[in-house]
Amino acid sequence: MLRQVTSPIKIFQRNISTSLRDAKTRTLLDKVIRVDHAGEYGADRIYAGQLAVLGKSSVGPLIKKMWEEEKHHRETFEKLMAENRVRPTALLPFWNIAGFALGAGTALLGKEAAMACTVAVEDVIGDHYNSQIRELVEDNPEKHKALLETVKKFRDDELHHHDTGLQHDAEKAPFYNVLSQAIKIGCKGAIWVSERI
């Protein structure tokens, strides 16, 4: 029986191909985990700011409930960062201040503006999570199965927050469209920067 011999060139090409695929997967994981942690950290701070202003209002318990879910999301990504040895974004101190200021600032405009902030942020985050789901599936759905389940669950939570904001008069906020667009632009910028720094 003749044994087929693989040429050294083919072995080298296969090893290079595997190494490139592994490097691409590692880069994708780093980006996804880093930016999602930054986003959940920012959301944690937004709800903290809203609760500081509206904690004793009629929407206080609702904000507190959404905040608890965001804390769980943040803690999950902190664990994933440790498990996968992913560094956080260098901008966390900035997101701490910016998130709290956005939450408190919109809450000072009233509960409707706080809800408008929630709707705008969660709309962007829902779209962002959907993009990540596509990227992870394209890369390797089996390899990323656990992360995909987490991202899908958190996306659904964020979309529920979005819908909750709409149900609680977000669209009645003063200058709703301007406020919403400004917050969405800020969120998209924060995502872009956090993926890279």
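Tutor: Happy to! Let's start at His-161, which touches Tyr-47, Met-66, Glu-69, Glu-70, Thr-118 and Glu-122, leaving out residues up to four places away in sequence (contact means heavy atoms within 4.5 Å). This is a predicted model, where local features need pLDDT of at least 70 and side-chain atom pairs count only at pLDDT 80 or more, while totals for chains, interfaces and linings use all residues. Residues are numbered from 1 along each chain as its sequence is written, and side-chain values use heavy atoms, with hydrogens and water left out.

His-161 belongs to helix α5 (residues 145-167), helices being DSSP runs of H or I with at least four residues, numbered from the N terminus. Its relative accessibility is 1%, so His-161 counts as buried (under 20% relative accessible area, 1.4 Å probe, protein chains only). The His-161 side chain also makes a polar contact with that of Glu-122, at 3.1 Å; such a contact is a pair of N or O atoms within 3.5 Å, and within protein one must be able to donate a hydrogen and the other to accept it, with residues adjacent in sequence counting only if both atoms are side-chain atoms.

Glu-70, in helix α2 (residues 60-84), is buried too, with a relative accessible area of 0%. Beyond its neighbours within four places in sequence, Glu-70 contacts residues including Glu-122, Glu-158 and His-161.

The unreviewed UniProt entry annotates Glu-70, Glu-122, Glu-158 and His-161 as "binding site", though such annotations may be inferred rather than shown by experiment. They span 92 residues in sequence, yet no two of their C-alpha atoms are more than 11.3 Å apart, so they gather at one spot.

Methods. Helices (H or I, at least four residues) and strands (E, at least two) are DSSP runs, numbered from the N terminus. Buried means under 20% relative accessible area, exposed over 50%, partly exposed in between (1.4 Å probe, protein chains only).
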